[in-house]
Amino acid sequence: MKIVDIQCFPLKIKPQDIYLGGKTDDSLPDYYYRDEYRCVYSRKMETCLIKITADNGLVGWGEALAPVVPHIVAEIINHLFKPLLLGASPFDSNVLGAKMYDSMRDRGYITGYQVDAIAAVDIALWDLKGKCLGLPVWQLLGGAWRQSVPCYVSGLPQAELEQRCELAISWRERGFTAIKLALGYGVAEDVRNVRAIRAAVGDDIALFLDAHWNYSVSEACDLLEELKPLGLRFLEAPLLPEDVAGHRELRQKSSVAIALGETERTRYQFRPFIEQRAVDILQPDVGRTGISELMRIASLAETHNLKVAPHLSVGLAPCIAASIHVAAALPNLFMLEFQPPVFAVANSLLHTPLVCAEGHYQLPSGAGLGIEINEDVVQEHLWSPSC
């Protein structure tokens with residue numbers, strides 16, 4: 001069996017609600033900067049899907065986490081990877097992955113969009129292999145440790161604290177037992193938010209906090225001291241992601257688990273955090289690592305008795321499905337992330353929706369990733385930027 005065609009689909013989708021609460025005004029530029037999160041965001045849901053077709057007519061779908069300028073991923077795949085992939089067997093995925101990584105290694109492109117593009121190809125190859133064999137990806141990964149995947153609700157995208165408390169209560173009433181708060185607004189403001197939400201939902205709900213890299217070591221220590229009575233389960237992204245030594249110092253001082261990893265793409269990038277004992281919970285994102293590399297990262301974490309909570313933010317249908325399969329196959333899973341507004345957009349691309357209810361994802365049924373992309377909907381959102 002050989003690969004005979006590769007197609008890329010950079011998408012821009014206008015959502016009902018902007019991710020993390022941005023403005024929806026169409027007269028404004030798509031890209032804007034959020035000072036509180038140190039990042040550029042899009043007012044659209046942006047991603048890049050890839051479709052790999054074999055000579056037997058079967059196809060595999062993949063996706064790169066590309067929340068801004070997704071056409072860059074498409075250009076890398078079309079111009080750099082396509083010549084390597086055409087005519088190859090999808091079952092040579094490990095060899096192909098290494099060759100794609102090596103192709104720009106000595107030019108310094110060992111992270112960023114280059115590796116995001118590899119991740120998209122890798123996911124598509126796993127999907128295609130599963131369909132060829134008539135087996136789900138979790139089975140190809142060695143089996144499922146669990147038949148449903150526990151998850152936490154990520155973010156409470158409401159403008160006012162009272163509304164965030166009401167939303168948290170509604171998730172508790174729907175059977176979810178863990179919520180992550182997207183904060184990082186300063187120690188006093190973060191403490192005020194966590195206290196109010198803890199009071200609203202009670203003690204039975206696990207609370208996590210994403211600080212979006214906004215603190216110093218001393219500020220993070222002050223925050224954790226203030227929050228100690230509230231039973232915070234982990235603090236995500238407390239410091240700048242390059243600061244391995246700072247994370248190690250913070251972890252030594254903290255009784256709360258330190259989580260990080262959405263910015264990292266390879267085991268080489270995770271390795272210093274693991275070996276220097278600078279992290280408790282690793283958060284690789286399958287849309288940046290691919291399935292193969294995420295499994296390697298998780299295996300490395302397991303040798304140091306660390307948990308993995310795969311990151312899952314604005315990745316759509318293939319990313320979410322791949323994350324569920326990987327999470328089912330991980331012996332050292334902590335929990336998987338659940339983004340309700342993103343999940344709804346992801347399902348709009350599918351003939352049969354993915355299911356998340358009462359704090360658990362259902363494993364997709366069927367071979368490969370177990371999803372069927374609605375290509376008519378994909379075509380409606382296809383973005384062809386002019387240069």
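Which residues form a nonpolar patch on the surface, with about 330 Å² of accessible area together? This is a predicted model, in which local features need pLDDT of at least 70 and side-chain atom pairs count only at pLDDT 80 or more, while totals for chains, interfaces and linings use all residues. Residues are numbered from 1 along each chain as its sequence is written, and side-chain values use heavy atoms, with hydrogens and water left out.

Select M1, F91, L133 and L135, which make up that patch; here a patch joins nonpolar side chains within 5 Å, taken from residues with over 30% relative accessible area and no salt bridge (a side-chain nitrogen of Lys or Arg within 4 Å of a carboxyl oxygen of Asp or Glu). The areas come from the Shrake-Rupley method with a 1.4 Å probe. L135 lies in the loop between α3 (113-133) and α4 (137-140), and its 32% relative accessibility makes L135 partly exposed (buried is under 20%, exposed over 50%, partly exposed in between).

Next, select F176 and F338, an aromatic pair that is stacked, with 5.6 Å centre to centre and 5° between the planes (ring centres of Phe, Tyr or Trp, its six-membered ring, within 6.5 Å, and planes under 30 degrees apart for stacked). F176 counts as buried because its relative accessibility is 4%, and F338 is likewise buried, at 5%.

Finally, select K12 and W383, where K12 lies over the ring face at 4.3 Å from the ring centre (NZ of Lys or CZ of Arg within 6 Å of the centre and within 35 degrees of the ring normal).

Definitions and conventions:
Phe/Tyr/Trp six-rings, centres within 6.5 Å; stacked < 30°, edge-to-face > 60°. Buried < 20%, exposed > 50% of the residue type's maximum accessible area, 1.4 Å probe, protein only. Patch = residues over 30% accessible without salt bridge, like charges linked within 9 Å, V, L, I, M, F, W, Y side chains within 5 Å. Helix = DSSP H or I, 4+ residues; strand = E, 2+ residues; numbered from the N terminus.
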